[in-house]
Amino acid sequence: MVVEIKRKILLLGDGAVGKTSLIRKFVTDQFNDDYIASIGTKVTKKVIKFNLKDDELNLVLLIWDILGQSDFKGVIGASFYGASGAFLVADMTRRPTLENLKKVWLPRVKQVAKDLPVVFLGNKADLSDLYAFREKDLAEIADTYDAPYFLTSAKTGLNVNMAFYRIAYDVVKKGRFVDKKLSYPVPEEGRLSLIEVADWIMYDFCIEKGDNNFAISMPIVREQYERAGLDPRNPSKEAILKAIKYLAEIESLYLDQETVERNALKRLKMLKRAVSKKV
Ligand code: G3D
Ligand code: MG
């Protein structure tokens with residue numbers, strides 16, 4: 001059976017942090033074109049598929065791109081209504097955009113919905129020579145709210161898919177799907193990067209462990225990645241292969257052999273999508 005649900009998410013943050021660019025990269029896989037001017041404050045749709053036991057769950061993500069100006073109080077308040085999740089976007093090259101997440105954007109989100117899932121983004125991560133704050137500063141804020149964060153680039157595509165999949169997963173996990181075993185979403189077509197594969201395996205391991213908010217399992221994965229010599233920023237195929245093996249060793253401590261093998265196999269399949277010539 002195919003179940004379809006619709007959920008609204010917001011992209012919030014100061015002007016020119018890259019909100020519109022991130023949406024366009026995720027939805028059309030493009031960074032520069034005329035589309036940008038026209039989608040200004042519109043709603044963009046994207047369907048994300050999940051496996052839900054024997055069923056398929058189609059999440060229709062309604063992505064709201066909101067004006068950056070912090071004085072648009074009325075307009076912004078109204079567009080928050082009914083949101084299921086929000087990105088809080090800062091520009092890595094401008095420190096005030098990070099401070100405004102704390103001072104301006106987050107308090108507004110919390111006013112509307114206290115426990116709305118949020119994901120912090122440090123965008124323009126491709127401009128590392130121009131960084132005005134560090135990853136650690138973003139991590140600190142995200143930790144305060146018990147939320148995940150990603151360094152993204154709408155230009156290179158770094159972590160753009162992963163960030164949207166993470167918010168999609170968090171949004172679906174709430175409410176009536178809270179106890180259901182959901183797969184972690186992946187792009188349906190196209191070649192995956194090794195970074196995406198390493199990230200996906202991390203999430204898959206957490207989900208297979210039944211760890212909904214990922215907090216318990218992430219450190220385990222990080223430890224095994226380290227042991228495999230896997231640099232999450234620049235993973236090699238060989239390191240991912242090793243990591244798959246090490247994670248299977250860990251899983252065999254608490255999962256039955258069949259499940260352990262199935263997990264290793266699906267992770268290998270993901271790796272194959274990143275390294276095979278054909279896509
Ligand atoms: P906004 O929607 O948050 O206001 P935009 O921001 O998406 O309009 O982006 C603002 C500017 O930043 C644009 O440049 C855009 O190309 C650029 N930008 C967005 N994301 C990135 C990124 O990840 N890396 C780099 N290098 N630039 C980015 P222009 O020159 O068109 O104003
Ligand atoms: Mg915009």
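Before we begin with the helices, a word on geometry: axes are lines fitted to C-alpha atoms, for helices over the stretch in contact, and angles run from 0 to 180 degrees between N-to-C directions. Helices (H or I, at least four residues) and strands (E, at least two) are DSSP runs, numbered from the N terminus.

This is a predicted model, in which local features need pLDDT of at least 70, side-chain atom pairs count only at pLDDT 80 or more, and totals for chains, interfaces and linings use all residues. Residues are numbered from 1 along each chain as its sequence is written, chains are lettered from A and ligands numbered from 1 in the order in which they are written, and side-chain values use heavy atoms, with hydrogens and water left out.

Let me start with a pair of helices. Helix α4, residues 95-112, packs against helix α5, residues 135-144, at an angle of about 5 degrees, and their axes are 11 Å apart. The two are therefore roughly parallel to each other, a term for angles under 35 degrees, while angles over 145 count as roughly antiparallel, 65 to 115 as roughly perpendicular and the rest as oblique. Contact means heavy atoms within 4.5 Å. On the α4 side the residues that meet α5 are Arg95, Leu98 and Lys102, and their counterparts in α5 are Asp137, Leu138 and Ile141.

I turn now to the sheet. Two strands pair if DSSP finds at least two bridges between them. The open sheet has 6 strands in the order β2-β3-β1-β4-β5-β6, and its pairing is mixed. At the edges stand β2 and β6, each with a single partner strand, so one side of each has no neighbour in the sheet. From one strand to the next, the twist averages 25 degrees.

Which sense of pairing joins β2 and β3? Strand β2 (residues 43-52) and strand β3 (residues 55-65) are antiparallel, over 10 bridges. Valine 43, for example, has tryptophan 64 in β3 as its bridge partner. These strands form a hairpin with 2 residues between them, and in the turn lysine 53 has a positive phi of about 50 degrees. Strand β4 (residues 83-91), by contrast, runs parallel to β5, and 6 bridges join the two. Here leucine 88 is partnered by phenylalanine 120 in β5.

Next, the surroundings of individual residues. Buried means under 20% relative accessible area, exposed over 50%, and partly exposed in between (1.4 Å probe, protein chains only). Lysine 124, in the loop between β5 (118-123) and α5, has a positive phi near 65 degrees, and at 23% relative accessibility this lysine counts as partly exposed. Aspartate 146, in the loop between α5 and β6 (149-151), has a positive phi near 55 degrees; with a relative accessible area of 73%, this aspartate is exposed.

Serine 79 lies in helix α3 (residues 73-80) and, at 9% relative accessibility, counts as buried. Leaving aside residues up to four places away in sequence, serine 79 touches Lys8, Leu10, Trp64 and Ile66.

Finally, consider helix α8, residues 217-227, whose buried residues are Ser217, Met218, Val221, Gln224 and Tyr225. The face of α8 turned away from this buried side carries the exposed residues Glu223 and Glu226. Among the elements covering the buried residues of α8 are α7 (194-208) and α9 (237-251). After α8 comes glycine 229, with a positive phi near 70 degrees.
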